[in-house]
Amino acid sequence: MTRKTKWWLWGLGLVLAVLAVAAAAVAVLMPSNEELARQAEARLEEALGVKVTIGSLRWIAFPMPAVVLQDVATVQPQPLTARRMTAFVHWQPLLDKVLSVESVEVDGVVVPQLSLRAFERKNGDASGKTDAADTAGADPAAPAGIRLASIPLETFRFTDLTWISRRGIPVVYEGEIEFDEGWRPRHAQVRRPGITPATQLTATRQGSEDRWKLDVAVGGGTAAGEMRLATSARGVMRATGELLPRNIEIASAVQAFNRRPVVSGRGSGSTALDATGNNVAQLARSLHTRTQFTFAPAMVLRFDLDKAVKSFGKEHAGQTPLESLTGQLDTQNTGQGMIFTYTDLKAKSGAFSASGNVVIFNRKIEARGAVDLVDGVIGVPIQVTGSLDKPDVSVPKGSIAGAVIGTAILPGIGTAIGARLGALFGDGPDVPATPPPAQQTTPRPATPRAP
């Protein structure tokens, strides 16, 4: 098995291991459901490297062969669980000892992000090494005497799948994936059920190339683009792509994934993505995106710049209305979380303007900059640090140059706020306050250029 095909198999290892047990059962004249359940547990543990328990397993022979598993769980502090898994198998290939699955349907799955490390250790370490069975070309999903069809699984469907982030935030998804040979998705769609406006990603393969057309609906807007996958002679994969976000309401988009927005407003822009790794887990951990964005108008939520300047940072609860907000957002995934870096921020509102840089990592913020009057009378440097939930805001009194806040120079700052955040965030941090450990689990991708 080549690395190029292995990364899809890794993602579906649990499903295929169960199906392999079902196929083996037919080959040996169908043992009891209890025996099949114990065989499935053993094979799943072998394939995944983590002990697995199965509440019940039923084999259905007619009208179409199917295996039904209920109450599946890994034995971990935060287990992966599945309420029900059903696989429908084609009859004719089974007679020739070939495993060909029409569809797999899973329901009620819970995936804690922090528990996935155990599977990464089994399927390849940070250096890209794999188990001896994989290196030798053995198929971890198929028992002795059983071969996989050229397309082992045609369709994978999931409902009520809950992803739990490393900070404990649950997000529910549903969707389906249709496969070509080599575990390449021919068509895939992932949705956030019950969310209005509709929030979903659709990927469609372009012919037989490793190239997919992307269509995103989120925040009442759209983002269309393309993703490509290339594999080097040494088996290192690189994913690249572009998206063009259009008319997206950013607060709605963030709330669709159970996060608290910091800005509201409709925006457009362009996004480039890049990731490098030896398997799908490393691709995900190395993902880097760069987005040029424009929001007009916009609103900074939970932060009143008027109050912050007038009180020298002692008070800042409220909101800041803006005529426009532009800048660049870089996201870099790491093994310890995602780093958000905002650069070249420019905001305008009434008689004020601003510009600067911000870094956010693990719910901590570092930002520096200045708020200036358009006529150049004054520049007020501001620094924001600490927790996002309770940031520390600093406005040096010495920077006011003899002015009295709230009287002659800044009488209307609340309705004329802007930010020249280049001074506000002027020598802004380019690393987070609490950076991730120095070791790199994957090669850092080259910085893509925005289209």
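## A hairpin to start with

Strands β6 and β7 form a hairpin with five residues between them, and in the turn glycine 182 has a positive phi of about 70°. Helices (H or I, at least four residues) and strands (E, at least two) are DSSP runs, numbered from the N terminus. This is a predicted model, in which local features need pLDDT of at least 70 and side-chain atom pairs count only at pLDDT 80 or more, while totals for chains, interfaces and linings use all residues. Residues are numbered from 1 along each chain as its sequence is written, and side-chain values use heavy atoms, with hydrogens and water left out.

Six bridges join β6 (residues 170–179) to β7 (residues 185–191) in the antiparallel sense; two strands count as paired if DSSP finds at least two bridges between them. Across this pairing, glycine 175 faces valine 190 of β7. On to the next strand: β7 also pairs with β8 (residues 200–205), again in the antiparallel sense, over five bridges. There, glutamine 189 has threonine 202 in β8 as its bridge partner.

## The protein as a whole

Stepping back, the secondary structure comes to ten helices and 23 strands. Of the 451 residues in the protein, 47% are buried, where buried means under 20% relative accessible area, exposed over 50%, and partly exposed in between (1.4 Å probe, protein chains only). Among contacts between residues at least 6 apart in sequence, 54% join residues at least 24 apart; a contact means heavy atoms within 4.5 Å.

## Two nonpolar cores

A nonpolar core is a set of buried Ala, Val, Leu, Ile, Met, Phe, Trp, Tyr and Cys residues joined through side-chain atoms within 4.5 Å. The largest one here has 39 residues, and those touching the most other members are Leu57, Leu69, Val72, Val104, Val106, Leu153 and Phe156. At least two residues of this core come from each of α3 (33–48), β1 (52–60), β2 (66–74), β3 (81–89), β4 (98–112), α5 (117–123), β5 (147–164) and β6. The largest share, six residues, is supplied by β4.

A second, separate core has 24 residues, including Val263, Leu305, Ala347 and Val384.

## A look at helix α3

Helix α3 has 16 residues and reaches 22 Å from its first C-alpha to its last, close to the 22 Å expected at 1.5 Å a residue; the expected span is 1.5 Å times one less than the number of residues. Its buried residues include Leu36, Ala37, Ala40, Glu41, Leu44, Ala47 and Leu48. Seen down the axis of α3, the buried residues fall within an arc of 140°, so they line one face of the helix; the arc is that of the directions from the helix axis to the C-beta atoms. After α3 comes glycine 49, whose phi is positive, near 80°.

## Aromatic pairs

The structure holds three aromatic pairs. Rings of Phe, Tyr and Trp (its six-membered ring) pair if their centres lie within 6.5 Å; planes under 30 degrees apart count as stacked, over 60 as edge-to-face and the rest as tilted. One of the pairs joins phenylalanine 179 and tryptophan 183 edge-to-face, at 5.4 Å centre to centre with 75° between the planes. Both phenylalanine 179 and tryptophan 183 are buried.

Another pair, phenylalanine 293 with phenylalanine 295, is tilted, at 5.5 Å centre to centre and 50° between the planes.

Leucine 325 lies in β18 (residues 324–334) and is buried, with a relative accessible area of 10%. Between leucine 325 and phenylalanine 293 there are 8.1 Å in space, C-alpha to C-alpha, although the two are 32 residues apart in sequence. Leaving aside neighbours within four places in sequence, leucine 325 is in contact with Val263, Phe293, Thr294, Phe295, Ala298, Leu345, Lys346 and Ala347.

## A three-stranded sheet

An open sheet of three strands has the order β13-β16-β17, with antiparallel pairing. At its edges stand β13 (263–264) and β17 (320–322), each with a single partner strand, so one side of each is left without a neighbour in the sheet. Three bridges join β16 (residues 298–300) to β17, with alanine 298 opposite leucine 322 in β17.
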